[in-house]
Amino acid sequence: MSKSINIRTQSHSYEVLIDEGLIKTYDFKWLVQGKQILIVKDSNVPIEILKDLEKSLNKSEVSEVFHIEIKTNERNKSFEGIMPIYALLNEKKFNRDSLIIGLGGGITTDMAGFVASSYLRGIDLIQIPTTLLAQVDAAIGGKTGINFSGSKNNIGAFYQPELVLMDTSSLESLPEKDFTAGLAEIIKHSLIADNNLFQRLENTFLNGNSLSEEELIQVIYESSLIKAFIVSNDEKEKGDRALLNFGHTYGHAFEGSQSLNGFSHGEAVGLGMICASNLSLLLGNISQEEYERIIALIKSVGLPFEIPKDFNVDEFMQAMSRDKKILSKKLRFITLKGIGRAEITENLEEDLILKSISL
Ligand SMILES: NC(=O)c1ccc[n+]([C@@H]2O[C@H](COP(=O)([O-])OP(=O)(O)OC[C@H]3O[C@@H](n4cnc5c(N)ncnc54)[C@H](O)[C@@H]3O)[C@@H](O)[C@H]2O)c1
């Protein structure tokens with residue numbers, strides 16, 4: 001049975017639906033009837049998924065459906081990358097009553113969302129995330145954006161969609177490393193807000209099992225619920241939304257560090273969560289046993305858990321200081337107060353941060 005979450009932010013409210021086969025079965029009519037639609041498709045999403053979506057839209061009496069395929073890499077998540085989308089909207093005379101659908105991973109939903117937020121000062125948006133990470137993270141909460149001049153996501157807008165459809169069938173073609181990246185975010189959500197979810201993930205992965213379809217839907221639901229709850233209370237990241245950055249300050253530095261090139265976002269976040277947990281241990285906020293349980297779970301899903309030998313600490317500290325999530329000169333990190341509870345910790349000594357990466 002479909003799981004549903006209602007997201008209410010100050011600016012908007014919308015539904016997130018999670019189920020197997022939603023692209024084929026969802027009745028879009030109430031949202032799309034009589035409208036021009038542009039599907040912004042991730043180039044790696046199988047063509048069959050696009051065809052299924054077009055079929056469902058045509059059944060819903062749309063006026064016209066177009067699609068545009070975009071290459072999914074961080075370099076293309078840029079002004080150059082979104083220009084062809086604006087050009088097509090303009091050429092086909094899309095008006096304020098038209099609608100954009102983002103169909104793909106987080107790069108695609110971020111780009112499609114940003115275009116929707118800015119074309120004619122904002123047209124309707126449906127997000128259909130097709131990676132596990134985009135489902136539990138990128139497509140919820142209304143952050144959209146592109147990269148500019150070497151910085152990530154520094155141009156963008158908060159822009160909420162009308163609907164988010166999470167079809168777990170679309171994950172079947174997803175490469176394993178991308179599935180694992182999504183698991184990293186699910187573990188993060190459990191660590192900052194849900195001890196119960198953490199324990200269930202332990203029961204599955206520490207016993208060498210994987211998630212059944214039903215369990216996957218349930219885990220996506222619970223994980224999305226955590227993000228939805230946090231963003232509903234803090235749409236524009238003035239307070240608790242920062243908790244979602246647990247492990248990410250380290251993660252971004254790992255991603256940016258040359259000696260770790262080749263680390264995916266998910267892998268960098270996995271290792272970042274271990275460092276942030278180590279920091280929590282050094283602060284006396286979690287026990288050694290809790291720390292070891294966190295490492296064991298991260299290890300069991302196939303994420304890296306050791307700092308590579310050629311890791312350059314100076315480079316790392318430099319990358320850290322560039323991270324926009326560290327406010328001014330104060331070292332500000334998200335730390336745990338136990339499994340399932342997180343807080344913002346400020347004014348940390350540089351020495352402690354250095355210790356936290358000595359795993
Ligand atoms: N807006 C937000 O709040 C938010 C939150 C987290 C991450 N992000 C952004 O999301 C991006 C990362 O998202 P991601 O991990 O989904 O990466 P991604 O968009 O690069 O997708 C990962 C890979 O999977 C491919 N893919 C997508 N769906 C597929 C499918 N069904 N079958 C086969 N391949 C498929 C993509 O083409 C890509 O190669 C980053 O740019 C990050 O900045 C945004």
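A domain here is a stretch of the chain whose bounds come from an automatic or database domain assignment. In this predicted model, the chain is divided into domain 1, residues 3–171, and domain 2, residues 176–356. The centres of the two domains, taken over C-alpha atoms, are separated by 27 Å. Where the domains meet, domain 1 contributes 25 residues to the contact and domain 2 contributes 28 residues.

Strands of a sheet pair through backbone hydrogen bonds, and the pairing can be parallel or antiparallel. An open sheet in this model has seven strands with mixed pairing, in the order β1-β2-β9-β6-β5-β3-β4. Its edge strands are β1 (3–8) and β4 (64–70), each of which pairs on one side only. From one strand to the next, the twist averages 15°.

One pair can be followed in detail. Strand β3, residues 36–42, runs parallel to β4 and is joined to β4 by seven bridges. Within this pair, Ile37 stands opposite Val65 in β4.

Helices also contact the sheet. Helix α5 (residues 106–118) lies across β3, β4, β5 (99–104) and β6 (124–129), and makes an angle of about 170° with β5. Helix α9 (residues 213–233) packs on the sheet as well, touching β1, β2 (13–19) and β9 (163–167). The direction of α9 makes about 10° with that of β1.

Helix α9 includes Glu222. Is Glu222 buried or exposed? Its relative accessibility is 12%, and buried means under 20%, so Glu222 counts as buried. Not counting residues up to four places away in sequence, Glu222 touches Asp194, Leu197 and Arg200. Asp194 is 28 residues from Glu222 in sequence, while their C-alpha atoms are 8.9 Å apart in space.

| Helix | Residues in helix | Expected span | Distance between end C-alpha atoms |
|---|---|---|---|
| α11 (265–282) | 18 residues | 26 Å | 25 Å |

For α11, the reach is close to the expected value.

Helix α11 is mostly covered, with 14 of its 18 residues buried. In α12, the buried residues include Glu290, Tyr291, Ile294, Ile295, Leu297 and Ile298. Why do they lie on the same side of α12? They cover an arc of only 165° around the axis, which puts them on one and the same side of the helix. In general, an α-helix has 3.6 residues a turn, so residues three or four places apart point the same way. The cover over the buried residues of α12 includes α7 (176–193), α8 (195–205), α11 (265–282) and β10 (333–336).

A glycine with a positive phi comes after each of these helices. Just after α11, Gly284 has a phi of about 80°. Gly302 follows α12, with a phi near 95°.

Strand β10, part of the cover of α12, pairs with strand β11 (residues 342–345) in the antiparallel sense over four bridges. Leu336 stands opposite Ala342 in β11. The two strands form a hairpin with five residues between them. In the turn, Gly338 has a positive phi of about 125°.

How values were computed. Residues numbered from 1 in each chain as written. Predicted model: local features only at pLDDT ≥ 70, side-chain atom pairs only at ≥ 80, totals over all residues. Heavy atoms only, no water. Pairing = 2+ DSSP bridges. Axes fitted to C-alpha atoms, helices over the stretch in contact; angles between N-to-C directions. Contact = heavy atoms within 4.5 Å. Buried < 20%, exposed > 50% of the residue type's maximum accessible area, 1.4 Å probe, protein only. Arc of directions from axis to C-beta. Expected span 1.5 Å × (residues − 1).
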